[in-house]
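Have the structure open beside the text as you read.

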Amino acid sequence: MIYLFLADGFEIVEAMAPLDMLRRVKLDVLTVGVTGEYVTSSNGVTAKSDISPDEIEYDNIDAVILPGGMPGALNLEKSDVVQKCIDIANDNYKLICAICAAPSILGHKGLLDGKEAICFPGFEDSMKGAKLSDKYVVTDTNIITARGAGVATEFGLEIVKTIVGTGVAATLKHAIQCQ
């Protein structure tokens with residue numbers, strides 16, 4: 001199962017664009033409401049999560065997705081459930097995806113040490129040990145990071161490519177008229 005975490009203050013496009021890409025190719029993905037069943041984005045849009053944190057199946061984590069936004073990224077980082085899921089994914093070499101401010105969570109945990117990664121400008125000091133990239137979306141081993149809302153669709157396409165392959169991602173990219 002792919003778990004996409006939502007916390008109050010999340011950046012809506014950074015959550016919904018990847019969610020849309022994954023669901024278009026029929027991947028099993030659930031949104032997890034870290035701060036409640038209804039989660040309010042940084043710009044006031046409220047989303048209903050699919051499940052609560054206590055419904056996560058820890059032995060069935062295929063990928064973890066962390067949207068950015070403020071204070072959404074801070075709220076994700078404060079969550080013991082999010083921290084546990086990141087640790088399980090990392091320990092089992094599962095995919096960990098973070099965009100905008102959320103890669104800072106991985107940096108604080110030391111998971112970016114020696115890896116190429118990117119974040120929203122201004123969060124570089126939180127990217128402990130990372131080789132900062134000038135790319136908009138970066139994959140290094142089991143970690144995908146992205147700069148921000150403007151590349152949320154590319155971020156979602158990279159997740160699709162990593163999970164189900166280049167061909168499926170290319171077909172999806174064409175279908176949604178992405179350059």
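1. Let me start with Ile86. Its relative accessible area is 0%, and since the cut-off for a buried residue is under 20%, Ile86 counts as buried. Please keep in mind that this is a predicted model. Ile86 is found in helix H3, which covers residues 80–91. What is Ile86 in contact with, once its neighbours within four places in sequence are left aside? The list is Val64, Leu66, Ile96, Ile105, Leu106, Lys109 and Leu111. For Leu106, 20 residues away along the chain, the separation between the C-alpha atoms is 8.4 Å.

2. H3 lies across E1, E5 and E6, and runs at about 135° to E5. H5 also packs on the sheet, where it touches E1, E5, E6, E9 and E10. The direction of H5 makes about 175° with that of E6.

3. Now to the sheet itself. It is open, with six strands in the order E2-E1-E5-E6-E10-E9, and its pairing is mixed. Which strands stand at the edges? They are E2 and E9 (137–140); each has a single partner strand, so one side of each has no neighbour in the sheet. On average, and with direction ignored, neighbouring strands are turned by 15° against each other. As a reminder, the strands of a sheet pair through backbone hydrogen bonds, in either a parallel or an antiparallel way.

4. Strand E1 deserves a close look. Five of its five residues are buried, so E1 is largely enclosed by the rest of the structure. Both of its faces are covered, with Ile2, Leu4 and Leu6 buried on one side and Tyr3 and Phe5 buried on the other. E1 pairs with E2 (residues 29–33) in the parallel sense over five bridges, and Leu6 stands opposite Gly33 in E2. From E1 the chain crosses through H1 to E2, a β-α-β crossover that is right-handed.

5. The next pairings run through E5. E1 and E5 are parallel and share three bridges, with Ala63 in E5 as the bridge partner of Ile2. E5 and E6 also run parallel, joined by four bridges; here Ala63 has Leu95 in E6 as its bridge partner.

6. Helix H1 has 13 residues and spans 18 Å from its first C-alpha to its last, close to the 18 Å expected at 1.5 Å a residue. Its buried residues are Ile12, Glu14, Ala15, Ala17, Pro18, Leu19, Met21 and Leu22. They pack against E1, E2, E5, E6, H5 and H6. Do check Lys26, which follows H1 and has a positive phi, near 65°.

7. In soluble globular proteins, nonpolar side chains tend to be buried together. The largest nonpolar core here has 32 residues, and Leu22, Ile65, Phe155 and Ile159 touch the most other members. Elements that each supply at least two residues of this core include E1 (2–6), H1 (12–24), E5 (63–66), E6 (95–99), E10 (143–146), H5 (152–164) and H6 (166–175). H1 gives the largest share, six residues. Apart from this core lies another of 29 residues, among them Ile51, Leu112, Cys119 and Met127.

8. With its neighbours within four places in sequence left aside, Ile65 is in contact with Ile2, Tyr3, Leu4, Phe5, Leu22, Cys97, Phe155 and Ile159.

Technical notes. Residues are numbered from 1 along each chain as its sequence is written. This is a predicted model: local features need pLDDT of at least 70, side-chain atom pairs count only at pLDDT 80 or more; totals for chains, interfaces and linings use all residues. Side-chain values use heavy atoms; hydrogens and water are left out. A nonpolar core is a set of buried Ala, Val, Leu, Ile, Met, Phe, Trp, Tyr and Cys residues joined through side-chain atoms within 4.5 Å. Buried means under 20% relative accessible area, exposed over 50%, partly exposed in between (1.4 Å probe, protein chains only). Contact means heavy atoms within 4.5 Å. Two strands pair if DSSP finds at least two bridges between them. A crossover is right-handed if, with the strands pointing away from the viewer, the path from the first strand over the helix to the second runs clockwise. Axes are lines fitted to C-alpha atoms, for helices over the stretch in contact, and angles run from 0 to 180 degrees between N-to-C directions. The expected span of a helix is 1.5 Å times one less than its number of residues.
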